[in-house]
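Here are my notes for you to read alongside the model. Have a look at the whole thing, then work through the points.

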Amino acid sequence: MANGSLTGVLTYLDHAATTPMRPAAVEAMLPFFSERFANPSGSHRFARDARKAIDEARDQVAEIIGVEPGEVVFTGCGTESDNSVVGGVEGVVVCPAVEHHAVLHPVEHQGGVVVGVDAAGHVDLDQLAVALTPDVALVSVMTVNNEVGTITDIAGVSRLVRSLAPQALLHTDAVQAACWLDLRGIAPHVDLMSLSAHKFGGPKGVGVLTIRDGVSLAPLMLGGGQERERRSGTHNVGGIVALAVALAETDAERDESSVRLAGLRDRLVDGLLSRVDGAVETVPRDRKVAGSAHMCFEGIESESLLFLLDEAEVCASAASACASGAMEPSHVLAAMGVSADRAQGALRMTLGHTTTRADVDRAVDVVADSVTQLRRLSFA
Ligand code: PLP
């Protein structure tokens with residue numbers, strides 16, 4: 001890793017779980033923990049200074065997403081953005097089965113409709129069409145899947161929703177998209193979009209929800225009326241400022257970084273495919289984002305593999321991270337029709353702005369050796 005206290009120690013390939021913060025984002029937030037500590041909702045000049053910092057961040061974020069500043073709402077995380085959308089509408093809610101739990105669980109909780117996906121994790125448009133009845137209030141389809149990296153054709157989904165359920169709002173969870181896709185190409189197709197700062201080099205605990213002008217959602221958080229009554233709660237000023245700095249850097253570097261990281265991802269996956277028998281790539285590379293490598297290794301269990309990788313200081317994951325750290329069967333792989341047997345040996349390696357060729361080469365060696373070791377053990 002290029003920064004942080006674990007410099008040179010860990011091979012960090014878990015960027016979809018969280019990215020190391022960008023140094024410029026850390027730098028930008030520090031004054032708000034010391035001399036610029038004011039509450040931006042106050043009426044004095046000190047408060048106005050904090051409010052100005054938020055206004056500037058909002059302008060910058062809006063420009064990068066391709067919406068108006070008044071359409072940007074700062075939230076506490078991606079989960080809050082997603083929950084606010086699903087919980088904020090009245091009527092039937094619809095989403096594909098591979099959504100992050102921050103969308104899937106509230107949709108299920110509200111008795112919504114969950115539609116199937118194909119083998120690559122794309123929402124099944126025929127099933128979606130059937131679900132688009134006149135009582136549908138919201139359709140939520142993620143831009144990029146957090147486990148397998150599949151990119152959704154949001155423009156295509158939008159055309160279908162607009163033609164069959166023109167009354168419905170369309171939301172996209174773009175939390176895993178910001179590093180790889182120009183958000184300006186996605187925003188025009190949706191009414192609502194969720195982002196989370198810690199996935200693109202900003203701090204944890206701050207997110208964005210864009211709400212198209214004229215769209216009304218019942219707010220999840222009631223209280224002081226911040227964010228024009230759409231999200232109460234004292235602003236995380238430093239977090240918001242850092243989010244904007246991280247998003248600006250991400251946006252500026254995106255094209256170059258995607259090419260560099262696609263090359264490293266290919267080196268990683270090709271290296272493993274050539275070194276390990278019975279290794280398969282879960283989703284074809286032309287369907288997914290540059291930083292995503294997802295593979296299944298026959299005859300081993302992810303949990304044991306992750307244990308050996310951890311011992312060797314390689315950080316990766318199986319399904320998405322969950323609060324307990326426990327391994328749960330992947331609802332994403334199950335929805336894609338991956339057999340339980342194959343899914344048992346799943347490994348997600350995700351690359352990001354600090355990933356180097358040395359990281360990838362080391363990961364190939366460690367993963368290949370660990371799989372061999374596990375197979376030898378199970379054979380014995
Ligand atoms: N949506 C997706 C696709 C994610 O990958 C994540 C985080 O893993 C979230 C939502 C939740 O974001 P946060 O960690 O900011 O709550």
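**Notes on the predicted model**

1. Let's start with the surface. The protein chain has an accessible surface of about 16200 Å², and 54% of that belongs to carbon and sulfur atoms. Areas here come from the Shrake-Rupley method with a 1.4 Å probe, and for residues only the protein chains shown count as cover.

2. A word on ground rules. This is a predicted model, where local features need pLDDT of at least 70 and side-chain atom pairs count only at pLDDT 80 or more, while totals for chains, interfaces and linings use all residues. Residues are numbered from 1 along each chain as its sequence is written, and side-chain values use heavy atoms, leaving out hydrogens and water.

3. Now the overall build. The protein chain has 11 helices and 12 strands; these are DSSP runs numbered from the N terminus, with helices (H or I) of at least four residues and strands (E) of at least two. Along the principal axes, its C-alpha atoms fill a box of roughly 70 × 55 × 35 Å.

4. How much is tucked away? Of the 380 residues in the protein chain, 56% count as buried, meaning under 20% relative accessible area, whereas exposed means over 50% and partly exposed lies in between (1.4 Å probe, protein chains only).

5. Ser-163 is exposed, because its relative accessible area is 54%. Ser-163 and Gly-225 sit 62 residues apart in sequence and 35 Å apart in space, C-alpha to C-alpha.
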